[in-house]
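Dear colleague,

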Amino acid sequence: MTSGAWSDSIPGIGTFFVGIDVAPGRYRCDDGKGGWWVRFTGPGGGDPVGSWPLPAGPTEIEISPTDFAFETHIGTYWRRIAPARDPRDGPAAEPRPVADPTLRAELDTLVARRRPLLWLAPLTVLGLGLIGSPLLGSLWLVGLGMLAVLVALGTPSVSLDLRRARELERRRDRYLTPEDFDGPARALLVRTQGAVDAVRDSEVNREGLLDTVDNSVTLPRQEWEIAQVLARQSRLRGEQEEMGEAAELPEVKAALRPLREKLDVSVEAVTRRVEALERYADRVRAADEALRAQRHLEALSEKAHEYDELLADTVRDDLAVPAIERLTEQSDTLVRTLRARLAQAAEAGDELPPAP
């Protein structure tokens, strides 16, 4: 998986952090027979939910935005078939974890360095078997051969997952969880992620029609930068509340007043940034509507000849011409509308703050 962009598929074996490695949503595997999966729900993944063994045939799962991680062990892979929720259903109740967009590539590089060593483990076991077989007999070699197979199947994936988890814990300052935000910050982060999801899951984005805005890079960076500011605001708000409750002296209140004013200015600034993202998402939704309408008209235009033949069989041929011309005019109008809305979406994307 590339940095800054979620993949629409999940490998069959491994542990993946929601919001860092994989996007929340509905996933499907074509055949999970005998495999299993675990969703680590709750704060920090402390409430796991799983299924084992999976039946033969297709299996679907829903990875929630509030899940901490997803572990899987199947022979195929998971394919994302739908976003976690419809944006028209309203904002999610809880934000998902947010990570520095460069973190995943960094972790992948560190884990990949240990991969060759892990794959040498089965050869090491077989080597011990060959050395010990003259003394302990052929059964010793057979037993260690079976052990080598088990090591080859299980050790690399498990060890790499543990290594990845340890490296992630060392970089705690590079990702944020819902527990890092207070109520006001969570509300703004939910709005941010709703706008990001709306753009990322839009048809015009998937088809590359928003080519003036690199959403795979821009959106994760915007989400991470906003989340960092909101986390700092949450911490400072908490400190101000503690100081305000503990101190009744006028001098302390006077000292707190300018700090609160600065915090209010910061909140207003990040709110404007969130609103810019929401305007971008609104323009993208409008472009999606125009694109769908254009496709419906294209489908109607393809059938126009059938209506022409029908009219020719029942009335004079010249009666069919105005109907076909109207369809053509409607199609041209929608094409112009789609282009205008794509331009508006691009302009809204240009309003987002540039990279520092």
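Predicted model: local features only at pLDDT ≥ 70, side-chain atom pairs only at ≥ 80, totals over all residues.

**Salt bridges**

Side chains of opposite charge can pair when their charged atoms come close. The structure holds 18 salt bridges, and I describe a few of them here.

One of them joins the side chains of D8 and R80, with 3.9 Å from N to O. Because D8 lies in the segment before β1 (9-17) while R80 belongs to strand β6 (residues 69-83), this pair ties together parts that are 72 residues apart in sequence. The two partners can also be described by their accessibility: D8 is partly exposed, with a relative accessible area of 46%, whereas R80 is buried, with a relative accessible area of 14%.

Another salt bridge is formed by R26 and E62, whose closest N and O atoms are 3.3 Å apart. This pair, too, links distant parts of the chain, since R26 sits in strand β2 (residues 25-29) and E62 in strand β5 (residues 59-63), 36 residues apart. R26 counts as partly exposed at 28% relative accessibility, and E62 counts as partly exposed at 29%.

In a further salt bridge, between R235 and E239, the closest N and O atoms are 3.5 Å apart. Both residues belong to helix α6 (residues 215-246), and because they are four residues apart there, about one helical turn separates R235 from E239. An α-helix has 3.6 residues a turn, so residues three or four places apart point the same way. R235 is partly exposed, at 47% relative accessibility, and E239 is partly exposed as well, with a relative accessible area of 34%.

You will also find a network of salt bridges that links D8, R80, R96, D197, R200, D201 and E223.

**Helix α4**

Helix α4 (residues 183-200) has 18 residues, and from its first C-alpha to its last it reaches 26 Å, close to the 26 Å expected at 1.5 Å a residue. At the start of α4, a side-chain oxygen of D182 reaches to within 3.1 Å of the backbone nitrogen of A185.

**Aromatic pairs**

How many aromatic pairs does a search of the whole structure find? The search finds two.

In the pair formed by F17 and F68, which is edge-to-face, the centres are 5.7 Å apart and the angle between the planes is 90°. F17 lies in strand β1 and F68 in the loop between β5 and β6, so this pair ties together parts that are 51 residues apart in sequence. F17 is buried, with a relative accessible area of 8%, whereas F68 counts as partly exposed at 22% relative accessibility.

The pair formed by F70 and W78 is edge-to-face too, with 5.9 Å from centre to centre and 80° between the planes. F70 is buried, with a relative accessible area of 0%, and W78 counts as buried at 0% relative accessibility.

How values were computed:
Residues numbered from 1 in each chain as written. Heavy atoms only, no water. Salt bridge = Lys/Arg side-chain N within 4 Å of Asp/Glu carboxyl O. Helix = DSSP H or I, 4+ residues; strand = E, 2+ residues; numbered from the N terminus. Buried < 20%, exposed > 50% of the residue type's maximum accessible area, 1.4 Å probe, protein only. Expected span 1.5 Å × (residues − 1). Polar contact = N/O pair within 3.5 Å; in protein donor to acceptor, adjacent residues only side chain to side chain. Phe/Tyr/Trp six-rings, centres within 6.5 Å; stacked < 30°, edge-to-face > 60°.
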